[in-house]
Each structure stands twice: as C-alpha cells, then as structure tokens.
Amino acid sequence: SNCGRQSLPDKIWVYDTVQDLSLDENPDALPKFQLPANSDLHTNPDPFYSIPTADKVFLAEDFCALFFKRLNGKQALEDREKNIFAVQVLELVKALASFGMYDKKTEIFQVCGPLIDTLDGRADTNFE
C-alpha cells in the first residue's frame, strides 16, 4: 500500500478532450482524500483513529493558515529558527495539498492569501 507516500501512478489515463470544471458549479472538481468504506481506519470505533472523511485533518489545515496569517506577510531574516519552521509548515501545506486534503475552494483561499503575502518578501526585515 502507498498510503501516505507520494509515488507515480501505476496507470496513466489519456483523454482526447479535457474540459474545464468550474468549482462553483462542481464542488467535486478538486481531488479529495478518501479511504474506502471497508478500510480499518475508515470504520475504527475509536474516534481518534477513525478517518471517515478528509475533514479529520482540519486542525493541521487551520494551523497552517493561521501560522502564515500571523506572520502578516513579514519575516525577519535574522530569526533563523522561525524561518526554518516556516519552511516546515510550507512543506506541510504542500503535503496536505498533494494528498487532496484541501478539497474546498474556501480552504484553498484561506491558506493561499497569507501564504502568498509571506512568500512575496517585500515586507521582510533584517530583525524582529
């Protein structure tokens, strides 16, 4: 099983035509993380271990969005530890996105605005 590990697909599907999907008209246009209904993690009676929907990781999603929002688009070049942590949170956002955890347009907007402001770099300073 490749659960939790990024890998190339075993099969490649080729379509003659590709059509755009509107997220407003089709909320399922984004890939979603889902476990099969017969999976042990999907049906575990302990709510801590049960993962019936992608909403299980909402705390991680909210943490990432709040972290970048609190930076307010500004980083201090001298704060090495905080900058290293910011890179790790950015990696977490990347992993959540690549595994389809951001499956709603509002979730994407919630993290992208503050993230873009932070990566922009115009508000950065040398010191805190």
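Visitor: What counts as a helix here, and in which helix is Phe85 found?
Guide: Helices are DSSP runs of H or I with at least four residues, numbered from the N terminus. The model is a predicted one. Phe85 is found in helix H3.

Visitor: How far does H3 reach from its first C-alpha to its last?
Guide: H3 has 19 residues. At 1.5 Å a residue, a span of 27 Å is expected. The computed reach is close to that, at 27 Å.

Visitor: Where do the buried residues of H3 lie, seen down its axis?
Guide: The buried residues of H3 are Asn83, Ala86, Val89, Val93 and Leu96. Seen down the axis, they fall within an arc of 130°, so they line one face of the helix. Arg80, Glu81 and Lys94 are exposed on the other side. The place asked for is therefore one face of H3, within an arc of 130°.

Visitor: Is Phe85 buried, partly exposed or exposed?
Guide: Buried means under 20% relative accessible area, and exposed means over 50%. Phe85 has a relative accessible area of 40%. That value falls in between, so Phe85 is partly exposed.

Visitor: Which nonpolar residues form a patch on the surface with Phe85?
Guide: The patch has about 260 Å² of accessible area in total. Besides Phe85, its members are Phe63 and Leu92.

Visitor: Why is the pair of Phe67 and Phe85 called edge-to-face?
Guide: The structure holds four aromatic pairs. In the pair of Phe67 and Phe85, the ring centres are 5.3 Å apart. Planes over 60 degrees apart count as edge-to-face. The pair is edge-to-face because its planes stand at 80°.

Visitor: Which side chains meet in a salt bridge?
Guide: Side chains of opposite charge can pair when their charged atoms come close. A search of the whole structure finds one salt bridge. Its distance from N to O is 2.7 Å, and the side chains are those of Asp120 and Arg122.

Visitor: What is the relative accessible area of Arg122?
Guide: Asp120 is partly exposed, with a relative accessible area of 38%. Arg122 is exposed, and its relative accessible area is 74%.

How values were computed:
Residues numbered from 1 in each chain as written. Predicted model: local features only at pLDDT ≥ 70, side-chain atom pairs only at ≥ 80, totals over all residues. Heavy atoms only, no water. Salt bridge = Lys/Arg side-chain N within 4 Å of Asp/Glu carboxyl O. Buried < 20%, exposed > 50% of the residue type's maximum accessible area, 1.4 Å probe, protein only. Phe/Tyr/Trp six-rings, centres within 6.5 Å; stacked < 30°, edge-to-face > 60°. Patch = residues over 30% accessible without salt bridge, like charges linked within 9 Å, V, L, I, M, F, W, Y side chains within 5 Å. Areas by Shrake-Rupley, 256 points an atom, 1.4 Å probe, with all protein chains shown as cover. Helix = DSSP H or I, 4+ residues; strand = E, 2+ residues; numbered from the N terminus. Expected span 1.5 Å × (residues − 1). Arc of directions from axis to C-beta.
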